[in-house]
Amino acid sequence: MLTTRHLCFSYQDEAVLQDLTLDFSQHAVTGLLGANGCGKSTLLMNLTGILRPQQGAVLWQGEPLCYDKGSLRALRQRVATVFQDPEQQIFYTDIDSDIAFSLHNLGLDKPLIAQRVDRALTLVDAQGFRHKAIQHLSHGQKKRVAIAGALVMEAEYLLLDEPTAGLDPSGRQQMIAIIERIVAEGKRVIISSHDIDLIYSICDHLYVLSHGRLVSLGEPTQVFMQQEQLAAAGLVQPWLVKLHGELGLPLCKTEQQLFALLRQRNAEKM
Ligand SMILES: Nc1ncnc2c1ncn2[C@@H]1O[C@H](COP(=O)(O)OP(=O)(O)OP(=O)(O)O)[C@@H](O)[C@H]1O
Ligand SMILES: [Mg+2]
C-alpha cells in the first residue's frame, strides 16, 4: 500500500506540494494530472524518498517511510521509478549492463539476471535494438530502456513520469501498449502526465493537481466532465470527451471503441 497523508513539500522556501492525502493502492493505474510546474515530478520523488516532505508523510504498507539508506533501498525494490528524462537513469553504454546493474547490486545469480533482463527487454519491445550503444538510441528507445531498467526489479509499483513526453504518434501508441502489458502483469502503475488523452484512456483513477494542491479526484470520465475545474488547473478535456459534450457522440475511452460504435450505427442505418 502506497499512500500519502497531509503531505507538504517545499524547495527552499517555495511551497510546492500542499496537504496531499492520496491513495495509490486502490486502482491498477492512477494518474497524476496537472499543468507544467504543478508538482507532479516532485510528488513522485517524495513517494520513493528521493525528497522528504517537511510536513505530513508518505506511507508504505501503512507505515511512514524511514529515510535511512537501507530502508530506502528496500522501498525502491518495491516501488520503481522511471524518471521524466531517461538520461537521468542510464549509466552504462550497453543496454544489457545498464538494465542488469541494479540486479547485480542485489546479488542475484547470473542466469536469473539474464532471464529478468531478457523478459524486461521483450516487455518494452527493445529486443530489436538491444545490441546498440545507448548513446546511439533515439529518445523513445531510451525511454523504453529506462522502463526495462525499472521492470527488472519486479517491483509492485511502477511510477512513470511523463511516459509519452517527446514521443512521436507511433512511439506514443507503443508506450500505451507497453503500459497495458505492465498492468496486465498485475502491477500498480502511477502515471504523471499532462497528456490528457493518454491519462483519460489508460487510468482508472485520477488526482488533478494545481499549484501543488489537489483540485479534483475520481474516475476519469467524471473528472473530465468538470470543465471549470479543469480550466482552473490549466487543462482541457480529452478529445473523446469533447466529442461527447459538443456533438452528443457516445462517451468512449478509446478511439477504437468510438469508431467501432459509429461503424455499427452506420451499418444499422443502411
Ligand atoms: N530542484 C528544484 N529546486 C527548486 N525548485 C524546483 C526544483 N525542482 C522543481 N522546482 C519547482 O517546483 C515546482 C514543481 O516542479 P515539478 O517539476 O514537480 O513540476 P511538474 O508538475 O513535474 O512539471 P512538468 O509538467 O513540467 O514536468 C516548479 O515551480 C519548479 O520550478
Ligand atoms: Mg515533471
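**Figure 1. Tyr 92 sits in a loop between a strand and a helix.** In this predicted model, the loop runs between strand S6 (79-82) and helix H3 (95-106). Tyr 92 is partly exposed, with a relative accessible area of 37%. That value falls between the cut-offs of 20% for buried and 50% for exposed. Tyr 92 also belongs to a nonpolar surface patch with Phe 91 and Phe 101. Together, the three residues have about 320 Å² of accessible area.

**Figure 2. Ser 41 and Gln 84 coordinate the magnesium ion (ligand 2).** Ser 41 contributes its OG atom, and Gln 84 its OE1 atom. The distances are 2.0 to 2.4 Å. The pair links distant parts of the chain, 43 residues apart. Ser 41 lies in helix H1 (residues 40-47), whereas Gln 84 lies in the loop between S6 and H3. Gln 84 counts as partly exposed, at 36% relative accessibility.

**Figure 3. Strand S8 pairs with strands S3 and S7.** S8 covers residues 188-193, and five of its six residues are buried. Strand S3 (residues 29-33) runs parallel to S8, joined by five bridges. Here Leu 33 has Ser 193 as its bridge partner. Strand S7 (residues 157-161) also runs parallel to S8, again with five bridges. In this pairing, Leu 160 stands opposite Ile 191.

**Figure 4. Residues 2-236 carry a domain annotation from UniProt.** The unreviewed entry lists this stretch as "domain: ABC transporter". Over these residues, the chain is 39% helix and 26% strand.

Key:
Residues are numbered from 1 along each chain as its sequence is written. Chains are lettered from A and ligands numbered from 1 in the order in which they are written. This is a predicted model: local features need pLDDT of at least 70, side-chain atom pairs count only at pLDDT 80 or more; totals for chains, interfaces and linings use all residues. Side-chain values use heavy atoms; hydrogens and water are left out. UniProt positions are given in the numbering used here, feature names are shortened, and annotations may be inferred rather than shown by experiment. Helices (H or I, at least four residues) and strands (E, at least two) are DSSP runs, numbered from the N terminus. Patches are made of residues with over 30% relative accessible area and no salt bridge: like charges are joined within 9 Å, nonpolar side chains (Val, Leu, Ile, Met, Phe, Trp, Tyr) within 5 Å. Accessible areas come from the Shrake-Rupley method with a 1.4 Å probe; for residues, only the protein chains shown count as cover. A salt bridge is a side-chain nitrogen of Lys or Arg within 4 Å of a carboxyl oxygen of Asp or Glu. Buried means under 20% relative accessible area, exposed over 50%, partly exposed in between (1.4 Å probe, protein chains only). Donors are N, O and S atoms within 2.8 Å of the metal (3.2 Å for Na, K and Ca); water is not among the atoms, so sites may look incomplete. Two strands pair if DSSP finds at least two bridges between them.
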